[in-house]
Amino acid sequence: DLNSQICKGRASELILIQEALQEKKIGQIAEMIAAQPEKKFVMIAGPSSAGKTTFSHRLSIQLCALGLHPHPIAVNNYFINREDNPKDENGNYNFECLEALDVELLNHDMNQLLSGQTVELPEFDFMNGRRLYKGDNLRIGTQDVLILEGIHSLNPKMSYALSDEDKYKIYISPLNQLMIGSEDKISTLDSRLIRRIVRDARTRGTSAKNTIVRDNRTRGHDIERTLSMWQSVRQGEERYIFPYEDNADVMFNSGLLYEYSVLKKHIEPLLMAVEETSPYYSDVLRLKELTDRFLPLEETVVPLNSILREFIGGGCFKV
């Protein structure tokens, strides 16, 4: 049915409808937050490649339209310095665990803001693995709302010093609605994996969860690096994210019906570059079989504020 709409020249209409539905939902969430002035913290959590960062910015725009002053804060800026980061059982840095964050500093800063103090917010340098301060000072008033976005945001231990009465909690994840035939539903896990592969290949070297310094890897090695980390990411989600999703006040579906058709041209060269001898070749074949089913769409029709822009690039938000 999706391919049929593309063949009929109705792709732009489909995209606009999908984006309008998401914007409507984001607007409704903003109205619920605005109706509860005691909620000073909006906590946004979700699994890898859910689109949390773009969602936090779009929610901020909606809150601005309602007269509030939102301040998106990436919890990842509170990572501890790289040399102190915990390691997993294989000796690799574990960026998924709560202990990778300076939870005490985060709670201290948020409480200082809540009490009317001026706080200099940190910025984490992922290339060098250090937390830096660059004069990003913040002081909040009665109309200000702090939007904390990160995988642990629904875990009570992350914000242990903040009252639950001050928090509005949101869980975000792309829940796939597409079927192949009458019974075969496309995996939401594959949806997120494709998003992550495309984003990692585009931003390799700039994220703590990808790699520390970019080298001259080929496209094939780029995707293999992402696939090699996927099991660890999934284990982290099962341990640190999914147990807390029921704590959310509202759930947001960040999936887009048309996204496979746009992601197709981005991921196909990456899949084709993987050698048959790769230990991840079976995953590559599965993803190739999936993306082969979709007709391609040019990304020029994707709005600049779309969650999909977080992965393909070219958006209007700094993500």
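**Entry 1: the sheet**

I started with the open sheet, whose five strands come in the order S2-S5-S1-S6-S9 with parallel pairing. I noted that this is a predicted model. At the edges I found strand S2 (69-74) and strand S9 (250-253), each pairing on one side only. From one strand to the next, the twist averages 25°. A reminder to myself: strands of a sheet pair through backbone hydrogen bonds, either parallel or antiparallel.

Next I looked up how S1 (residues 41-45) is joined to S6, and I counted five bridges between these parallel strands. Opposite Tyr168 in S6 I found Val42.

I also checked what helix H4 (residues 103-114) does here: H4 lies across S1, S2 and S5, and runs at about 170° to S5.

**Entry 2: Ser159**

Where does Ser159 lie? I found Ser159 in the loop between strand S5 (144-149) and strand S6 (167-173). Is Ser159 buried or exposed? Its relative accessibility is 3%, and buried means under 20%, so Ser159 counts as buried.

Leaving aside neighbours within four places in sequence, I saw Ser159 in contact with Met43, Asn107 and Lys167. With Lys167 there is a polar contact, side chain to side chain, at 2.7 Å.

**Entry 3: two helices**

Last, I turned to helix H5 (residues 188-203) and helix H8 (residues 281-291), which pack at an angle of about 100° with their axes 12 Å apart. That angle makes H5 roughly perpendicular to H8. On the H5 side I listed Asp190, Leu193, Ile194 and Ile197, which meet Arg286, Leu287, Leu290 and Thr291 in H8. Sorted by class, this contact has five nonpolar, one polar and two charged residues.

Technical notes. Residues are numbered from 1 along each chain as its sequence is written. This is a predicted model: local features need pLDDT of at least 70, side-chain atom pairs count only at pLDDT 80 or more; totals for chains, interfaces and linings use all residues. Side-chain values use heavy atoms; hydrogens and water are left out. Axes are lines fitted to C-alpha atoms, for helices over the stretch in contact, and angles run from 0 to 180 degrees between N-to-C directions. Helices (H or I, at least four residues) and strands (E, at least two) are DSSP runs, numbered from the N terminus. Angles under 35 degrees count as roughly parallel, over 145 as roughly antiparallel, 65 to 115 as roughly perpendicular and the rest as oblique. Contact means heavy atoms within 4.5 Å. Ala, Val, Leu, Ile, Met, Phe, Trp, Tyr, Cys and Pro count as nonpolar, Asp, Glu, Lys and Arg as charged, and the others, Gly among them, as polar. Buried means under 20% relative accessible area, exposed over 50%, partly exposed in between (1.4 Å probe, protein chains only). A polar contact is a pair of N or O atoms within 3.5 Å; within protein, one must be able to donate a hydrogen and the other to accept it, and residues adjacent in sequence count only if both atoms are side-chain atoms. Two strands pair if DSSP finds at least two bridges between them.
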